[in-house]
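Work through the exercises below with the sequence and the model side by side, and try each task before reading its solution.

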Amino acid sequence: MKIDVLTLFPAMFAGPLDESIIQRARTNGALDLKIHNLRDYTHDRHKTVDDRPFGGGPGMLLKPEPIFEAVEALAREQTRVILLSPAGRKFNQAIARELTQQEHLLMICGSYEGFDERIREHLADDELSIGDYVLTNGALPAMVIIDAVTRLLPGVLGDDESSREESFSHELLEYPHYTRPAEFRGMKVPEVLLSGNHAEIARWRAEQARLRTKEKRPDLLK
Ligand code: 9D3
């Protein structure tokens with residue numbers, strides 16, 4: 001999958017996507033990620049990306065010209081153009097799975113300044129938020145979505161990670177896990193896990209997953 005990101009803060013992307021599973025996906029070719037500075041699509045001396053709202057009021061807006069030019073330079077026929085903003089539909093695992101079906105994503109990060117509405121109306125195929133809290137810009141949300149989508153791409157997780165993914169994709173919280181030692185500072189691993197009785201262990205785990213979900217995330221059971 002190819003992902004292009006348009007942002008005012010390209011330096012924020014150095015680090016989080018250069019480690020671990022995402023870095024492996026990039027080196028093995030599953031993910032082709034490019035970060036673009038919105039200011040590179042301006043033409044004036046001051047590299048202006050924003051302006052004051054018509055009709056007055058506080059704050060500034062991202063102006064249409066640099067964003068239209070960037071999308072015209074970066075998007076192709078099969079590109080899904082995604083605006084990141086607090087007003088978008090809320091990102092979740094189902095949307096992550098849906099996005100894995102796209103050949104090319106172009107993610108446009110908002111800043112604390114909103115978008116001129118014509119960007120939303122004429123460029124965006126989709127508008128996403130990562131949750132109901134206020135961030136300073138859309139760079140972290142873009143990285144969150146890239147991380148969630150990339151790990152689902154074919155060949156990115158190893159066989160072991162993939163089968164764990166499948167066995168936990170039935171939308172409950174996980175049961176409690178323990179490793180050695182069987183007793184640590186007086187804290188004991190539940191006896192059933194040491195019993196060797198696999199049917200009983202499976203029953204205990206299923207029960208724990210249900211209890212834990214009911215306690216911490218009752219919304220998942222509805
Ligand atoms: C709260 C009123 N606004 C400020 C003038 C709107 C606003 C616009 C842009 C507030 C924050 C931002 C910056 N955030 C994002 O661009 C953003 C975001 C977020 O803040 N929370 C969750 N998901 C996302 S996706 C993009």
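Predicted model: local features only at pLDDT ≥ 70, side-chain atom pairs only at ≥ 80, totals over all residues.

**Exercise 1.** Describe the secondary structure and the overall extent of the protein chain.

*Solution.* Begin with the secondary structure, which comes to 8 helices and 10 strands in the protein chain. Finally, take the box along the principal axes, which the C-alpha atoms fill and which has dimensions of roughly 70 × 40 × 35 Å.

**Exercise 2.** Find out which residues surround the ligand and which strands supply them.

*Solution.* The ligand is surrounded by 17 residues, of which the closest are Ser-111, Ile-130, Gly-131, Tyr-133 and Leu-135. Sorting the shell by residue class gives 9 nonpolar and 8 polar residues, with no charged ones. Turning to the strands, S5 (79-90) and S8 (126-129) each supply at least two residues of this shell, and S5 gives the most, with 3 residues. The space that the ligand takes is the second largest pocket.

**Exercise 3.** Identify backbone atoms that lie within 3.5 Å of a nitrogen or oxygen atom of the ligand, and then state how much of the ligand the protein covers.

*Solution.* For the nitrogen side, a backbone N or O atom of Tyr-133 lies 2.8 Å from a nitrogen atom of the ligand. For the oxygen side, a polar backbone atom of Leu-135 is 2.8 Å from an oxygen atom of the ligand, while a backbone N or O atom of Gly-138 lies 3.5 Å from an oxygen atom of the ligand. As for the cover, the ligand on its own has 570 Å² of accessible area, and the protein covers 76% of it.

**Exercise 4.** Locate Pro-181 and Ser-20 in the chain, and describe the backbone at each.

*Solution.* Ser-20 has its place in helix H1 (residues 20-27), and although Ser-20 is not a glycine, its phi is positive, at about 60°.

Conventions: Residues numbered from 1 in each chain as written. Heavy atoms only, no water. Near = heavy atom within 4 Å. Polar contact = N/O pair within 3.5 Å; in protein donor to acceptor, adjacent residues only side chain to side chain. Areas by Shrake-Rupley, 256 points an atom, 1.4 Å probe, with all protein chains shown as cover. 1 Å grid on protein atoms, 1.4 Å probe; cavity = no way out; pocket = protein on both sides within 12 Å on 5 of 7 lines; lining within 4 Å. Sits in = over half its atoms within 2 Å of the grid points. Helix = DSSP H or I, 4+ residues; strand = E, 2+ residues; numbered from the N terminus. Nonpolar A, V, L, I, M, F, W, Y, C, P; charged D, E, K, R; others polar.
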